[in-house]
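Please study the sequence and the structure before reading each solution.

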Amino acid sequence: MKELKRRKIYRILFDDIKDHLFAYFIILILLNLIIIKLPYTVESPGGLINVEDRLSNIEYESTGSFNETYVTSRKGSVLNLIMAKILPNWDIIPNSDIVSDGETMEDTNNRYIIQLYEGISNSTYVAYNKANVPLNITSESNYVYYVDELANTSLKVGDKILSYDDIDFTSYDTMGTYLNTKQPGDVIHIKVLRNGTNIDTTSTMIDYNGRTIIGILVSSIYSYENNPNIQYTYKSSESGSSGGLMLTLAIYDALTEDDITHGLTISGTGTIDRLGNVGEIAGVKYKLAGAVKSHADVFLVPTENYEEAMQVKEDNNYDIQIIEAKTFDQVLEELAKLEN
């Protein structure tokens, strides 16, 4: 009796599959188009992120806005690659053009996250100093930014250094002084935070042109105690330091009584260091296209990208004012001219 029921169930399932075979086939194809990932990234224009909407505890409101521009990046699924062949301004980028030799996409993505932290830290420092508002460093966090191919270490890009040889980490200068006492072949035990878990790693000191080193680069990220304590909120999907200039302008504008937006929608891109220098970015054509699509009045662009931006504007007959950005002070001078 049980065997008869089992056969009946199998027959029903078989008939159902046979009757809907074409539909199942289409579903399988669609799943493959979406799920299968190829070693490519698809990039296209993004839009605007109103930075002031991301700030809390601001002192002064603006009549206009400062907006970060971004590139929309998609993983190289078959469907996305097909879309890139059809849609304008969608480009297919081999991952090998994004990833450095000897690294993985995970390394590259972790470095982008560090750049985001670094950009927020630098923006806060520059904005408060330019606004003459005191701030004090409360902590220093250090992340492994790059691991040389010659290094003999289990450290990975993105690791947050917690201690070395059971010495609690306080600053990279202190760690550097300690490492200077070591010789090639000495093994250093470094505890790090990796993906939310404490990990014990080892590094063997190496000789590099007469210097004894681990063979890594480290990025120092500072946290501050501010009054007012303006904070920036970002999404977990965001990374990179190209929003540094616009974040600095937004924080500065929120700290000072003068409205430096002059009621305009000001967009832009560019990194910023602790001295206020604006640095080069990638993907300017996508960011400019996104700014135009979102009806921005102004687009700020680093000196290194200025000629490209002007060429893209001319080629596409974009109606937007482009301003070259060299330093934070110079950008403030350019923005002051907008009110005339």
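**Exercise 1.** State which residue follows helix α8 and describe its phi.

*Solution.* In this predicted model, α8 is followed by Asn-317. The phi of Asn-317 is positive, near 55 degrees.

**Exercise 2.** Check whether the length of α8 agrees with its number of residues.

*Solution.* Step 1: helix α8 covers residues 303-316, which is 14 residues. Step 2: at 1.5 Å a residue, α8 should span 20 Å.

**Exercise 3.** Determine how the buried and exposed residues of α8 are arranged.

*Solution.* Step 1: recall that residues three or four places apart point the same way, because an α-helix has 3.6 residues a turn. Step 2: list the buried residues of α8, namely Asn-305, Ala-309 and Val-312. Step 3: viewed down the axis of α8, these buried residues fall within an arc of 60 degrees, so they line one face of the helix. Step 4: on the other side of α8, Glu-307 and Glu-314 are exposed. Step 5: the elements covering the buried residues of α8 include α7 (284-293), β18 (298-302) and β19 (321-325).

**Exercise 4.** Describe the packing of helices α4 and α6.

*Solution.* Step 1: two packed helices are described by the angle and the distance between their axes. Step 2: the axes of α4 (residues 105-130) and α6 (residues 244-255) come within 8 Å and cross at roughly 35 degrees. Step 3: this crossing is right-handed. Step 4: residues making the contact include Ile-120 and Ala-127 of α4, and Leu-247 and Ile-251 of α6. Step 5: by class, the contact has 8 nonpolar, 4 polar and 1 charged residues.

Technical notes: Residues are numbered from 1 along each chain as its sequence is written. This is a predicted model: local features need pLDDT of at least 70, side-chain atom pairs count only at pLDDT 80 or more; totals for chains, interfaces and linings use all residues. Side-chain values use heavy atoms; hydrogens and water are left out. Helices (H or I, at least four residues) and strands (E, at least two) are DSSP runs, numbered from the N terminus. The expected span of a helix is 1.5 Å times one less than its number of residues. Buried means under 20% relative accessible area, exposed over 50%, partly exposed in between (1.4 Å probe, protein chains only). The arc is that of the directions from the helix axis to the C-beta atoms. Contact means heavy atoms within 4.5 Å. Axes are lines fitted to C-alpha atoms, for helices over the stretch in contact, and angles run from 0 to 180 degrees between N-to-C directions. A crossing is left-handed if the near helix is turned anticlockwise from the far one by less than a right angle, and right-handed if clockwise. Ala, Val, Leu, Ile, Met, Phe, Trp, Tyr, Cys and Pro count as nonpolar, Asp, Glu, Lys and Arg as charged, and the others, Gly among them, as polar.
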